[in-house]
Amino acid sequence: MNTTNDKKFGSIELNDEFDVFLLLKVIRSKFLFITIICALCALGAMLYLRYSDVVYEAKAVLQVKTDNTAGKILNLENSQSGSDELQENVELIKSNTFLKRIITKLPVGVSYYNKGVFKTFETYQSAPYIVNVRNKNRGVTNGKIFIQFNLNNTFKLYNEAKTLNIVQKPNVWFALEGAELNITLINSSFANTQQGQMYFTINDENTLINTYLGKLSVSILNSSAKTIVISFRDFTALKTSDVTNAIINEFNSFDIERKSASSQKILSFIDGQLVNVYSDLRKSEGELEVFQRDNKLSSNPKEVSSNYATRLNDLDEDITKIKLEKSVLSEFQSALTLNKDADVYKLLPMLAGTQYEGSMALLVSNLQELLMRREKALYDINTHSSNIKNIDYQIDIQKKLIIESIASIKNKIASKENSINQKIAEFESKFLAIPTKEIEFARLERLFNINEKFYTLLLEKKAEYAISNAGFVSNNTILEEAIEPSTPVSPNRSLAYVTAIALAALISLASVVFSYLMHNEIINLNDISRHTNASILGIVPKYHEIMAHSQLIIDKSPKSIISEAFRSIRTNMQYIAQGGESKLMAVTSTISGEGKTFVSVNLGGIIAFSGRRVIICDLDMRKPKIHHAFGADNTVGMSQLLIGNTTLDECVQHSTISGYDYITAGAIPPNPSELILSKKMDEVIELLKSKYDLVIFDNPPIGIVSEGLHIIKKVDFPIYVFRSNFSKKQFITNLNAVQEDHQIKNLSIVLNSVERQTEGYGYGSGYGYGYGYGYGYGYGGGYYEDGASKSKTKLGWFKQLISKE
């Protein structure tokens, strides 16, 4: 005997056998559910696309490269013309300081909105009014201020808390929370016809910077090509392109400012020196003129002391150079000592043109390399780590080396200056014989020449660095300029619909799989034959007309498919009949509702059609139905007959079919089991056998009550009824137990209420199942009266799939 193959999960039996027809049936039964799920997912996608905030993104690509053209022409050594670090530029653009420059140049200090029923839109550069703000403070920022324009050329300001209520005229300054506002109306007709509520917010600078930081994305696109991609996301398309382009333009301006900063510092130093030297020059020039005028000397006293002046002028030129070098070294040392985080590359131009530039450049380059290592390390570790402390230690040592080198150079310069001064003193002592006035004039002239040459040298250097500074141009190339996006990046329409389809498919698949695994009903004969060795008499197609109770229908449609199904069962009964004349038949099921009464009533009618005398007795006294099937009264029946209150002839009623009688259950007794098991029941059976060719008992369901087994054992044709799509598969276990435990070897099965769609599967064309049923569909065109079946066979596979019948 076969046993069930369903696996149990807890107390739930799972269907683990793959059955393509069962799968199609489950899909057909879930078709409406799947349709609803697909519609809901599509509706959800449309609502999401309709009411979610639309995000736009603008992108720009910038190639970073800066060159000092004038510096190359003048052969000036400027460290700022070196290669830029792309990562430094990325961090610069993302810094708060840089973004602050951006928002000050864009009209984002005040945001304008239009609030609708479901969504709020920002009217960037399209609002019908402009709000000007003075003396902005925290009390007036970041709050929603609603504005309503009136027909009398006024407007009303209010907030959601109703604590603000101001009526003013346009173009008039007025106070609000310590700030001053002036609202200019640009388009009065648009403002008066505007749908929804208009409001604006005065943005706090720091809050706006933090907001923009979250919307800004800056990354290196190609390090070899030195390209940076800048993107900005916002709910307004125009704002994204404006902000992105503003970043590019401001970066070019900031880049030029940053690169020319060292030259500006040198120019400032030269300007300071020019003021001092010019003062000395004017003083020496005045002293020379006064001495010459008071002593009435010739205008060209060099003829008197030409050799003296020539030699002293040479020495004075050396003193001038030494003074310049001392000033430069002092400024360099002061900048390095006082400014801990000074960019040492910006200090190198101070040494440009001096004889110490080469030796100092190497020391400064080593210091800059250590500073770069420290900056890169700070991206991964903090300032308290041992690695940073080690680098700081090396930086301090390098700075000490530079300061000591400067001190050593200054000592050498001082020694050289002392030596030249000694030579000047020695040379002057040799010319004491020269008249005193001429010597004093020569001395004053020498001082004037020194100051004049120093002043001229400073002017030349200032001109050179001014030209160099003017030569700084940004060679950054805008490879891709930001344009106003026409399509949003979020929500993604395609992704939304794909997600909706995937979700609908997932839910539908899960529902189908769950229903398939949890499907525990018998559908067709294969479901039965796999789990039992009991004989199968046949099937009864589903009757689609509405019946309140089981009825006799074969007399109304004797040529219908259902009538032919019962004829097939009648024919197959001869293969299971025992030797001799068989006169007793009992029909039972596991539970009520499986159609045992319907099968027994109509099977008896078909047998009566063959000319045999048939009677059916209702032994389901707890829930009698035979009287409903024949449309008769249930006043007298088996219960009265078994207790002896009436005779057999008084209980027998006649149906519309000749030779077909029936006995109803009668009044519901308190002890139906005792009545069925009584000797009176045996007497009634023998009496019925003597009068009829076949006696059919409509037994109570043996899965609920046990008295039905007594009759099942006695009869020649015990029939067990299952109902397709109703009876559980574990009911077969109950049938097997009855067959084995009670030794009922000739127990036969009838599958009731089989769907038409399973005809080619459960019993098929001509039934071809191995039981010789001898009837099928499709032959003798028009023989059957079931027009529904004929029309059904004309339906396509898809319509059959979704059909409820």
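This is a predicted model: local features need pLDDT of at least 70, side-chain atom pairs count only at pLDDT 80 or more; totals for chains, interfaces and linings use all residues.
Both faces of strand 23 are covered, with L694, I696 and D698 buried on one side and V695 and F697 buried on the other, where buried means under 20% relative accessible area, exposed means over 50%, and partly exposed lies in between, using a 1.4 Å probe and protein chains only. In a regular strand the side chains alternate between the two faces of the sheet. Five of the five residues of strand 23, residues 694-698, are buried, so the strand is largely enclosed by the rest of the structure. Strands (E, at least two residues) and helices (H or I, at least four) are DSSP runs, numbered from the N terminus.

Residues are numbered from 1 along each chain as its sequence is written, and side-chain values use heavy atoms, with hydrogens and water left out.

Which strands pair with strand 23? Strand 19, residues 584-589, runs parallel to strand 23 and is joined to it by four bridges, and strand 20, residues 614-618, also runs parallel to it, with five bridges; two strands pair if DSSP finds at least two bridges between them. F697 is the bridge partner of A586 and also of C617.

Now to the backbone. Most residues other than glycine have a negative phi, and most peptide bonds are trans. S753, in strand 25, has a positive phi of about 60 degrees although it is not a glycine, and at 10% relative accessibility S753 counts as buried.
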